[in-house]
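Student: Can you walk me through this chain? I would like the overall picture, then some individual residues.

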Amino acid sequence: MQFKNIIIVLILFLSFPSFSQSNSSKYRAEREKTHDLIHTKLNVSFDFFNSEMNGEAWITAKSHFSPTSKITLDAKAMLIHSGTMNKKKLAYNYFENRELIIELDKEYNREEPFTIYIKYTARPEKYLAENRGENADKKGLYFVDPREEDPKKPTQIWTQGEAESSSVWFPTIDAPNQKSTEEIAITVPQKFVTLSNGTLINQTENTDGTRTDYWKQDQKHAPYLFFMAVGEFSIIKDSWKGKPIEYYVEPEFEDVAQGIFGKTPEMLSFYEELLGVAYPWDKYSQIILRDYAGGAMENTTAVSHSDSAYQEKGELVDENPWEATVAHEIFHHWFGNIVTAESWSNLAMNESFANYSEYLWFEHAYGIDYADEMLLQERASYFKGDDNEDKDLIRFEYGEIDDMFDRVSYQKGGSILHMLRDYLGDDVFFEGLGKYLTDNSFGTGEAHQLRLALESVSGLDLNWFFNQWFYDNGHPSIKVSHDVGGFNNQVIINIQQTGKLFEFPLTIDIYEKDGRKSSHEVWVNSVYNTFTFSVSSYPKLVNIDPEGVLLVEIAYEKTLEESIYQYNHSKSYIARKEALEKVSDSQDNKDAFKTIVKALDDPSFHLRILALDKLSLRDKYRKEDVIKKVYKISNSDSHTLVQAAANRTLAKLIDPQFTTHFKKAIQSESFKVTESGVIGLYQLNKQETLAIIDGLSEAKRDYLSLIITGYYIETREEKNLIFVGEHLTSGLFFVQEKKVADAYMSAFQWVSGSDNVEAVDNLIDSLVSLGIKYSDYGGKDASINFLRQIQYLQKNSTNSNRKEIEKLVRVGMSKLVD
């Protein structure tokens with residue numbers, strides 16, 4: 001599963017009581033197995049008015065080892081109507097509305113499967129009301145506008161099982177170390193389509209205007225991967241190796257579904273060939289859902305995505321930012337679905353691999369420069385976390401299950417796999433992954449099994465690697481210096497570990513004045529490490545970990561001349577980017593400026609953008625040739641994101657000669673180029689820019705909403721109140737300079753205190769939507785700020801729509817727990 005972090009930094013002056021939250025860690029073992037699931041059969045229909053589900057479940061299981069005469073199922077906040085076996089009523093105890101303990105009709109041994117029937121009602125809102133702590137908002141079954149009261153939202157029903165929420169909508173043993181085959185009959189009004197795991201076997205029209213869709217999956221998978229969705233969707237169909245590939249989208253997005261998901265068949269082929277393990281499932285469907293609380297979820301053959309996946313054509317011209325998520329969820333169908341982490345402590349066996357699959361796909365599809373940029377972003381995300389250094393990758397002690405879904409399990413884990421791949425080499429690494437998948441197929445796995453598989457293939461002992469990277473925490477921090485000894489014929493390199501002690505292989509590149517490079521592999525295993533190498537002349541550059549393989553923080557001061565040399569002579573993207581960032585700080589130096597200008601033609605479009613963003617055009621009359629070059633790039637670069645960056649650079653000049661150019665850019669098919677044209681023209685003629693903005697398509701205006709809102713806040717025209725009310729929250733919850741934050745807070749007061757009912761309604765609606773989206777990730781502080789804003793709205797708004805405000809308060813309150 002993939003999450004997006006939403007950072008809340010808005011500081012408001014309204015008072016609010018403080019709350020504390022218990023998050024003590026304790027040992028988390030794998031769920032003990034008294035029984036093994038075999039098969040789950042469900043028959044469901046829906047009470048839309050009450051947001052409940054009528055269910056029948058046939059659970060087939062067997063004793064794991066010892067004979068047993070009772071079974072305990074997870075069943076949360078349900079109404080249990082009956083339980084039978086062979087048409088005979090069974091006695092049961094419903095413990096704390098969470099565990100259904102059923103007395104079987106006799107004692108069964110492990111060779112005797114048995115099936116029990118349970119008739120029940122799933123009540124997700126009841127569960128939510130009873131669980132304001134650890135499982136708040138993990139209600140498993142979600143109804144979106146079930147009474148069709150919101151004209152802005154389609155009616156949908158969908159499920160979310162991870163981590164242990166499937167037991168809110170059907171009785172099961174809700175643990176990742178259980179596997180079950182599945183069949184489900186879903187009865188819905190005729191206008192809706194359904195999606196579930198496996199194959200749609202048949203559809204039956206009923207006399208009451210409903211239809212029953214029967215889905216079946218013959219391969220076993222974990223209960224948290226069970227899924228169903230209901231709604232009005234268009235289904236865009238493709239195929240791969242004779243298997244259906246489907247994209248479920250709202251009808252208005254039919255024409256962009258291929259742009260969002262169209263690389264799915266190629267990804268499936270790539271991963272299957274890379275791992276040497278066939279994709280075993282019978283289809284691959286993807287669906288975009290409203291109000292989905294995460295990023296995406298790898299439900300087997302029926303992947304769910306949040307509506308952030310929706311893109312306009314003008315966005316897809318630039319790039320598809322959802323492509324990494326598509327790849328991530330596909331790879332889970334090997335790591336997570338074929339072999340499932342045996343416990344949440346071993347979550348990295350699912351998520352670290354899915355995270356690294358994004359790198360693998362980008363490397364394959366767009367080259368190593370592109371992939372390395374993504375790697376740097378993932379590492380930066382890990383390094384930002386205050387407490388990430390204290391967490392083991394495989395963690396047997398944690399507070400809540402959700403604590404495991406963090407930058408250690410994802411970003412750090414992906415970087416660890418990158419190091420492991422580099423150490424073993426591609427052939428051994430991928431053959432070892434294939435062996436792990438094959439040996440544990442349709443079962444569960446833990447990190448030790450991965451180590452044994454890789455050791456079996458490589459013939460190497462890998463305990464040293466797994467002990468420090470999988471079962472321990474932190475990362476190396478090193479301080480590097482070098483000296484030249486003898487008659488300039490020796491380089492002495494000193495490496496000091498300044499933090500926790502690690503051992504690791506390290507590559508050192510030494511460049512001599514004739515351009516010759518020598519690479520040296522060394523082993524760092526103590527606090528102080530000294531390495532001496534012979535050279536024929538004074539070195540121009542010593543570069544440590546030149547390919548950026550290691551998850552390490554390096555303190556190594558290089559001169560400007562060394563950084564210029566590094567950019568001009570290194571093939572590594574990471575080395576070139578490091579050098580370019582260093583050089584950009586010294587553009588008064590002629591050679592440094594020439595290096596930035598040279599980078600405008602770098603083969604990586606990411607570095608071309610970086611060079612444009614860093615390019616200093618002070619004293620522009622002496623840099624006319626460079627300005628002409630930037631202008632040419634803005635019109636002709638092969639990548640629209642680079643064209644947009646060039647326009648932003650030209651905008652800094654505030655030069656009227658580019659007025660026509662910016663107007664033309666605004667009409668571009670590319671939304672990023674359009675955005676850059678708006679930025680450039682606004683610096684020259686605000687009123688003309690605002691008039692042009694008024695004439696843009698709704699899609700472009702929505703894409704540019706953050707910029708447009710900022711302009712409207714600056715001009716404070718009453719006619720723009722409705723737009724500002726709809727889009728203000730996006731700016732409120734971004735990290736901003738104090739001046740900008742103050743402007744947005746003032747605008748919040750402007751809208752909420754106005755008599756414009758539609759503007760205030762838009763503000764309330766956007767806060768409701770934002771509350772749903774960030775509530776799972778923002779934590780206590782986010783919720784407090786959220787409620788402070790509602791307090792202000794309640795005190796100052798003249799809008800009579802108090803029900804929406806009260807609903808918003810309840811959403812925020814559910815996040816504040818002892």
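Predicted model: local features only at pLDDT ≥ 70, side-chain atom pairs only at ≥ 80, totals over all residues.

Student: Where does Glu96 sit?

Tutor: Glu96 is in the loop between β7 (92-95) and β8 (99-108). Its phi is positive, about 55 degrees, although Glu96 is not a glycine.

Student: And what is phi for Asn97?

Tutor: Phi of Asn97 is near 60 degrees, again a positive value in a residue other than glycine. Asn97 also lies in the loop between β7 and β8.

Student: What about peptide bonds, which one is cis?

Tutor: The bond from Glu162 to Ala163 is cis, with omega near 10 degrees. Ala163 is in the loop between β11 (156-159) and β12 (180-189).

Student: OK, zoom out. How many helices and strands are in the chain?

Tutor: The chain has 26 helices and 31 strands. It runs to 818 residues, and 58% of them count as buried.

Student: How much accessible surface does the chain have?

Tutor: About 34100 Å², with carbon and sulfur atoms contributing 47% of that area.

Student: What share of the contacts is between residues 24 or more positions apart?

Tutor: Such pairs make up 68% of the contacts in the chain that have a separation of 6 or more.

Student: Helix packing next. What describes a packed pair in general?

Tutor: The angle between the two axes and the distance between them.

Student: Then how do α17 and α18 cross?

Tutor: The axes of α17 (residues 640-651) and α18 (residues 659-666) come within 11 Å and cross at roughly 145 degrees. The crossing is left-handed.

Student: Which residues meet there?

Tutor: From α17, Asn647, Leu650 and Ala651; from α18, His661, Phe662 and Ala665. By type, the contact has four nonpolar residues, two polar and no charged.

Student: How covered is α15?

Tutor: Helix α15 (residues 605-614) is mostly covered, with eight of its 10 residues buried. Those are Phe605, His606, Leu607, Arg608, Ile609, Leu610, Ala611 and Leu612.

Student: What do the buried residues of α15 pack against?

Tutor: Five helices are listed: α7 (368-384), α13 (573-583), α14 (590-599), α16 (624-636) and α17.

Student: And what happens at the start of α15?

Tutor: A side-chain oxygen of Ser604 comes to within 3.2 Å of the backbone nitrogen of His606 there.

Student: Let me pick a charged residue. Where is Asp213, and is Asp213 buried or exposed?

Tutor: Asp213 is in strand β15 (residues 210-221). It counts as buried because its relative accessibility is 1%.

Student: Which side chain makes a polar contact with Asp213?

Tutor: The side chain of Gln203, at 3.1 Å. Beyond four places in sequence, Asp213 is in contact with Ile184, Ala185, Ile186, Thr194, Leu200, Asn202 and Gln203.

Student: What does Arg421 touch?

Tutor: Not counting residues up to four places away in sequence, Arg421 touches Tyr356, Tyr359, Leu360, Glu363, Asp426, Phe429 and Phe430.

Student: Last topic, α22. Where is Ser705?

Tutor: Ser705 is in helix α22, which covers residues 705-715. Ser705 is buried, at 11% relative accessible area. Outside four places in sequence, its contacts are Phe723 and His727.

Student: How far apart are Ser705 and Phe723?

Tutor: They are 18 residues apart in sequence and 8.5 Å apart in space, C-alpha to C-alpha.

Student: And Ile708, buried or exposed?

Tutor: Ile708, which is found in α22, counts as buried because its relative accessibility is 0%. Leaving aside neighbours within four places, Ile708 is in contact with Ile693, Arg701 and Phe723. Ile708 and Asp694 are 14 residues apart in sequence, with 9.9 Å between their C-alpha atoms.

Technical notes:
Residues numbered from 1 in each chain as written. Heavy atoms only, no water. Helix = DSSP H or I, 4+ residues; strand = E, 2+ residues; numbered from the N terminus. Buried < 20%, exposed > 50% of the residue type's maximum accessible area, 1.4 Å probe, protein only. Contact = heavy atoms within 4.5 Å. Areas by Shrake-Rupley, 256 points an atom, 1.4 Å probe, with all protein chains shown as cover. Axes fitted to C-alpha atoms, helices over the stretch in contact; angles between N-to-C directions. Left-handed = near helix turned anticlockwise from the far one by under 90°. Nonpolar A, V, L, I, M, F, W, Y, C, P; charged D, E, K, R; others polar. Polar contact = N/O pair within 3.5 Å; in protein donor to acceptor, adjacent residues only side chain to side chain.
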